[in-house]
Structures are given as structure tokens and as C-alpha cells.
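Thanks for coming. I'll show one structure today and go through it on screen.

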Amino acid sequence: MNAADAGVGAQFVIRVEEPFTRERIAAYAHASGDMSQIHFDEEFARASGLDGIIAHGVFVLSVMVETVLAQFGPGAEAPVVDVRFGRAFPAGDHLLIQAEVTAAEEEPGRRAATVTLVGLAEGDRDGRPCVQGEVRVVIPA
Amino acid sequence: MSSLREVIAELREEIGVESPPHVVEVDASAVDAFVDAVGTPPRHDGAGARMVPPTFATRLIAYHRPELYQRLGFVGLVHTGEKITSYRPLQVGDAVSWTWRIDDITERAARDGTALWFVTMRYAFTDPHASRAVMDVDRTFAIRDRA
């Protein structure tokens, strides 16, 4: 499906195939420059009140934004990304992305859509969002 | 060693004070490393040019004020919100300038009664040649008192 052709109310759920392994989290830490110990030091993470190593909120957000933009086809941009971070995303889990187009506009030379986003850790039975917010998507016509 | 409340009081003095500009380059190898680490396929525009993820902006402000985070302590510090507003997309090869300021600090009581501070800060990116806004990153942290 090309989400650019979907109207207001269109919903999609995407399960990201690659889990957020410790190796991927460590690679993201190096690539992003965010070397907080909760992302690679199990003992420190537990001492911080977590159940173990967690993924960076912006790592999860980046996967969500890039995955959703890919649904809108080549050239899609996200001029506004506005989210809150909730539950920590545990290492080893899979990401589920729930998205819904809540507004759509035609503008000269381009189309725009507002998409609400929810990011969940698949293993969280309570279904508490790790990331929640919205992204404005602009697609060249 | 100063208490967390004293550190917060010092930070309140900085509210609205703009940092000096930092000039950074949107380096192709750094973008490649970031996209590889994110693990999603690279995206291209209609002309085939590589697109820079909007969240790459967070890479450009990494390592900023490490002493501040050291003083706040990482235990009890939680990243609670991020808003990235792009006035134009970042492009590989861009040289952009950013400044930083604290916009607000609010205090609330956590459920257990301990103090919880929300610190909102803005990183404002401009094109240093055209003096035009490129992007704003508004970031919020919550810090729980450990006293």
C-alpha cells in the first residue's frame, strides 16, 4: 500500500522484523553519540530501576519515522515530528507501529498528511506505548 | 557535592540564555552510520538524492554539555518528549549552526511525593550563510529528586 493514496482514517500496523537486540542498541549508541550506560550496561540499568538494558527513545522513534515515511513513497518528508516517550523499550523486543492518517491536505505541488503514531514493545502485555505522538508528512505531487 | 535541587536552581538562572553558536557539518559518513544503525532502508527523493532522517538532528547535538548530565546524574533522568520541526530538510554536506537554551523548568510532585522537575530545552538550527531557520529540536527531560 502507498499511504499517500490513503485517505483520512486509514490505519496501518507494522511489525518491525528486526528485534532491538543489544548489538543493535550498542551500534545505535555509537552512531548517535548517546552513550548513556542504561543502553549497554546491564548492572547500571538495573541500578537505575529498569529491568535491564533499554533502547534509546530516539532510536525507536527513528525506526518509526523512517518506516512510516517509507509507506508514503519516494521523497516523503517529515517537517514535524512531535512525540512523548513512555514505557522504556526493553532490549530484545520487537517494535509494533500503529499509525493512522488523521488529516490530509492538497497543496500546490505537494500533498500533506498528519499521522498519529504509537510505538509498542510486542512483549508488553499491558500495551503501554513507548512512543506516542504525531508526524506531519509531506509528499511531492 | 551540590544537591539536585541546587543544580536545578542554577539551571533556572540559565532559562532563556542562548548558548554561543556551534557549527556542525552533516557529514555523509555520519549519516550513513546513523541510517545503518537505525536499520531501515535508506530513503531517496524523486531525483535519487539520499535523504537525511529528521532524527539525525539529534546526532548533531550529541555530547553537548556532558558536565550538565553528569551533575544531574543519569539515575532518575528520563527523556520524556521530543519535537523536531524542520523548516527545510537537512542535506548531506550542509553546514548548519545551532544554539541551545533552556526554555522552562517546572516542578511537580511524583506519586510518592518526591520532587519531579521537567526541563524543556530548545536547540535552534540555522543556515549560517543565509541566517535562515533550518530546524528546531525541543527536548524535555524529567528528573526525579534523589534526596
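I'll begin with the interface. This is a predicted model, and between chain B and chain A about 2,500 Å² of area is buried, with carbon and sulfur atoms giving 60% of that. On the chain B side, Ala37(B), Val38(B) and Arg43(B) together supply 20% of the area that chain B buries against chain A, more than any other three residues. As for why I quote an area, the size of an interface is often given as the accessible area lost when the parts come together.

In residues, 29 from chain B and 32 from chain A take part in the contact.

Arg43(B) makes a salt bridge with Glu66(A), and the closest N and O atoms are 2.7 Å apart. Besides that, 10 residue pairs between chain B and chain A are in polar contact, counting pairs with both residues at pLDDT 80 or more.

Which elements of chain B supply at least two residues each to the side that touches chain A? They are α2 (28-38), α3 (57-60) and β2 (77-86) of chain B. The most comes from β2(B), which gives 8 residues. By type, the residues on that side of chain B divide into 13 nonpolar, 11 polar and 5 charged.

β2(B) leads on to the sheet. In general, strands of a sheet pair through backbone hydrogen bonds, either parallel or antiparallel. Here, β2(B) pairs with β3 of chain A, residues 77-85, in the antiparallel sense over 5 bridges. If you want one pair to find on screen, Asp82(A) has Lys83(B) as its bridge partner in β2(B).

In chain B, β2(B) is also joined to β5(B), residues 132-144, by 9 bridges, and these two strands run antiparallel. In that pairing, His79(B) stands opposite Phe141(B).

Over in chain A, β3(A) is joined to β7(A) by 7 bridges, running antiparallel. Phe85(A) has Val131(A) as its bridge partner in β7(A). Next, β6(A) and β7(A) pair over 10 bridges in the antiparallel sense, with Thr114(A) standing opposite Arg136(A).

Put together, that is an open sheet of 10 strands with antiparallel pairing. The order is β1(A)-β5(A)-β6(A)-β7(A)-β3(A)-β2(B)-β5(B)-β4(B)-β3(B)-β1(B). Which strands are at the edges? β1 (11-15) of chain A and β1 (22-25) of chain B, each of which pairs on one side only. Neighbouring strands of the sheet are turned by 25° against each other on average, direction ignored.

Next, the helices that go with the sheet. Helix α3 of chain A, residues 57-71, lies across β1, β3, β5 (95-107), β6 (110-121) and β7 (131-140) of chain A, together with β2 of chain B. α3(A) runs at about 140° to β3(A). Helix α1 of chain B, residues 4-13, packs on the sheet too, where it touches β3 (95-109), β4 (115-127) and β5 of chain B. The direction of α1(B) makes about 130° with that of β3(B).

Last, the chains one at a time. Chain A has 3 helices and 7 strands, and from the N terminus on, its elements run β-α-α-β-α-β-β-β-β-β. Its C-alpha atoms fill a box of roughly 55 × 30 × 25 Å along the principal axes. Chain B has 4 helices and 5 strands, in the pattern α-β-α-α-α-β-β-β-β along the sequence. For chain B the C-alpha box is roughly 55 × 35 × 25 Å, again along the principal axes.

To recap, β2(B) pairs with β3(A) across the two chains, and Arg43(B) forms a salt bridge with Glu66(A). That's everything I have.

How values were computed
Residues are numbered from 1 along each chain as its sequence is written. Chains are lettered from A and ligands numbered from 1 in the order in which they are written. This is a predicted model: local features need pLDDT of at least 70, side-chain atom pairs count only at pLDDT 80 or more; totals for chains, interfaces and linings use all residues. Side-chain values use heavy atoms; hydrogens and water are left out. Contact means heavy atoms within 4.5 Å. Buried area is the accessible area (1.4 Å probe) that two parts lose on being put together, summed over both. A salt bridge is a side-chain nitrogen of Lys or Arg within 4 Å of a carboxyl oxygen of Asp or Glu. A polar contact is a pair of N or O atoms within 3.5 Å; within protein, one must be able to donate a hydrogen and the other to accept it, and residues adjacent in sequence count only if both atoms are side-chain atoms. Ala, Val, Leu, Ile, Met, Phe, Trp, Tyr, Cys and Pro count as nonpolar, Asp, Glu, Lys and Arg as charged, and the others, Gly among them, as polar. Two strands pair if DSSP finds at least two bridges between them. Axes are lines fitted to C-alpha atoms, for helices over the stretch in contact, and angles run from 0 to 180 degrees between N-to-C directions.
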